[in-house]
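Trainee: Could you walk me through this structure and show me what stands behind each label?
Mentor: Gladly, let's take the labels one by one.

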Amino acid sequence: RPGERVPSDGVVAEGTTTVDQSPITGESIPVDKLVGDACYAGSMNGSGAILLRVSRAAGDSTLARIITAVEEAQGSKAHQQQLVDRFAAIYTPLVILGALLLAVAGSLVTQDSTTWIYRALTLLVIACPCALVISTPVSIVSAIGAATKRGILIKGGAALEAAGEARVVALDKT
């Protein structure tokens, strides 16, 4: 019916209409659809009523594939994130070992374990790489999500990182 979203990928079996495919294809104006024309799930039906013969299962629709691509992009790791993960894998155990040695050695030398345990905890809090480990993937997911809301699909953290280093960008309507 007019004004409703197309529920699944399919082919127009009866009727004519205009369909706003901009969420899927980026096409700026509605496209006329006649009998035999393909429609994409998530498109907005315009002025006419059509009968749609479904051609793909919901999980295999164009919209579902776009959602899967966005999820995969959010799961891939950028070079910066891989670097931070490798750094944290070495750095974190060393900091924990250093804090443990500080607490034990200080307690044995001065017989004041409370002070040295607090100093060891202070070392852990200050030297913890959690901010690096957490902030990198969160910033990538946030950037990909913000771009997706604006209709821009980014393949992953590595592609986002490469886009940040680009000096020249050429855009095509397709």
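**Reading the labels**

Mentor: Helix α3, residues 79-110, has 32 residues and reaches 46 Å from its first C-alpha to its last, close to the 46 Å expected at 1.5 Å a residue. Helices here are DSSP runs of H or I with at least four residues, and strands are runs of E with at least two, numbered from the N terminus. The expected span is 1.5 Å times one less than the number of residues. This is a predicted model: local features need pLDDT of at least 70, side-chain atom pairs count only at pLDDT 80 or more, and totals for chains, interfaces and linings use all residues. Residues are numbered from 1 along each chain as its sequence is written, and side-chain values use heavy atoms, leaving out hydrogens and water.

Trainee: Why is S107 called buried?
Mentor: Buried means under 20% relative accessible area, exposed over 50%, and partly exposed in between (1.4 Å probe, protein chains only). S107 has 15% relative accessibility, so S107 counts as buried. S107 lies in helix α3, whose buried residues also include A88 and A103.

Trainee: And what makes S43 buried?
Mentor: The relative accessible area of S43 is 0%, so S43 is buried. S43 sits in the loop between β4 (38-39) and β5 (44-45).

Trainee: Which backbone oxygen does the side chain of S43 reach?
Mentor: That of Y40, at 3.0 Å. A polar contact is a pair of N or O atoms within 3.5 Å; within protein, one must be able to donate a hydrogen and the other to accept it, and residues adjacent in sequence count only if both atoms are side-chain atoms.
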